[in-house]
Amino acid sequence: MTNFARRAALASVGVAILLGGLKSYAAWATGSVAVLASLADSALDLVASLVTLGGIHWAAQPADENHRFGHGKAEALAALFQVALISISAFAIIIQAAPRLNGETGGVAPEIGIGVSVIAVIVTLALTRYQRWVVLQTGSIAVGTDRLHYESDLLLNGSVIAALVLENYLGLTGADPILGMAIAFWLLFGAWRASEAAIDQLMDKEWPEAKRRRFVEVAAQHPELKSLHDLRTRSSGTKDFAQFHIWMDARMTILKAHDVVEALEKALGEEFPGTEILIHIDPEGQIDEPDNPLVEKDLLKEPPHENPVRPNRRIRRKPVRG
């Protein structure tokens with residue numbers, strides 16, 4: 001999974017370098033403010049892609065003595081840095097567009113700017129489709145944020161084409177700054193949405209409720225469990241974590257309890273691959289925090305969720321040795 005994310009980041013860096021070179025030539029040849037703004041955005045793309053690559057590499061490092069849960073949150077930090085760059089890019093576009101509201105016109109040789117922008121659209125479209133596939137495979141928040149940035153570039157390049165055509169061929173002055181500002185505000189909205197996901201990971205936000213309910217439903221298929229409580233879930237990069245307490249018969253041997261937990265971990269691992277699971281066994285009836293419903297609420301007694309992540313299916317359990 002990490003290799004997929006790393007390859008997506010490398011592809012992003014390659015695209016940023018290619019488009020930066022093409023747009024540098026187009027900005028020099030046309031003198032267009034719109035193309036110059038697009039060049040500035042591509043330069044930010046390169047920085048953001050390098051940050052994504054670094055974040056994915058850092059997040060993939062194994063756990064060590066100082067980071068026993070691994071380094072997955074490096075992806076969220078990289079995503080927040082990208083959000084900052086996206087915001088800077090949006091404000092830069094607004095600053096470039098504002099003077100042209102007064103009637104300032106574009107440059108010369110618009111066909112070069114249009115041609116480069118068409119190439120940029122094709123290359124960027126291919127990259128974002130690949131990034132989308134990688135996000136579906138890995139859940140990488142850094143690649144997802146990078147994809148958001150490049151998707152905004154599709155609109156940006158489209159606006160450059162429209163602006164050059166409208167102003168240089170149809171004589172509609174003002175099309176460039178209006179389109180540029182609209183995209184800038186769309187960029188800011190996208191940055192706000194991307195920052196939410198990154199902040200949720202850094203703050204250890206719980207899994208979505210439907211995913212938590214499915215987790216409990218799988219565990220509930222083990223009749224040895226008398227209660228399941230104090231379920232805590234979080235995500236870090238592409239890895240999920242879940243820990244919870246269960247009640248079991250106090251007369252059960254350690255060996256049998258061990259086998260029950262092994263079977264439970266296997267079933268949950270099949271349904272939620274890659275999740276690190278920590279299970280604490282309590283003797284049936286044990287109450288640690290009677291006044292804390294977050295800890296003591298028995299999730300096995302909750303009504304079934306109306307929209308589970310997946311329909312219930314029979315889980316083949318490992319036999320328990322007596």
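The model is predicted, so local features need pLDDT of at least 70 and side-chain atom pairs count only at pLDDT 80 or more, while totals for chains, interfaces and linings use all residues. Residues are numbered from 1 along each chain as its sequence is written, and side-chain values use heavy atoms, with hydrogens and water left out.

**Salt bridges**

- Side chains of opposite charge can pair when their charged atoms come close.
- Here a salt bridge means a side-chain nitrogen of Lys or Arg within 4 Å of a carboxyl oxygen of Asp or Glu, and the count comes to ten.
- One of them joins Lys73 and Asp204, at 2.8 Å from N to O. This pair ties together distant parts of the chain, 131 residues apart: Lys73 sits in the loop between α2 (33–59) and α3 (74–97), and Asp204 in the loop between α6 and α7. (Helices are DSSP runs of H or I with at least four residues, strands are runs of E with at least two, and both are numbered from the N terminus.)
- Lys73 is partly exposed because its relative accessibility is 24%, and Asp204 gets that label at 33%. (Buried is under 20% relative accessible area, exposed is over 50%, and partly exposed is in between, using a 1.4 Å probe and protein chains only.)
- Glu209 and Arg212 pair up at 4.0 Å, N to O; both lie in helix α7, three residues apart, or about one turn of the helix. Glu209 is partly exposed at 45%, whereas Arg212 is buried at 15%.
- Arg232 and Asp230 meet at 3.0 Å, N to O. Arg232 is partly exposed at 42%, but Asp230 is buried at 9%.
- Salt bridges with shared partners also link Lys73, Asp204 and Arg234 into one network.

**Helix packing**

- Helix α7 (residues 209–220) packs against helix α8 (residues 254–271) at about 140°, with the axes 9 Å apart. That angle makes α7 oblique to α8. (Under 35 degrees is roughly parallel, over 145 roughly antiparallel, 65 to 115 roughly perpendicular, and the rest oblique.)
- Axes are lines fitted to C-alpha atoms, for helices over the stretch in contact, and angles run from 0 to 180 degrees between N-to-C directions.

**A nonpolar patch**

- Val165, Tyr169, Leu170 and Leu172 make up a nonpolar patch on the surface, with about 380 Å² of accessible area together. (Patch residues have over 30% relative accessible area and no salt bridge; like charges are joined within 9 Å, and nonpolar side chains (Val, Leu, Ile, Met, Phe, Trp, Tyr) within 5 Å. Areas come from the Shrake-Rupley method with a 1.4 Å probe, and for residues only the protein chains shown count as cover.)
- Leu172 sits in the loop between α5 (141–168) and α6 (175–202), and is partly exposed at 45% relative accessibility.
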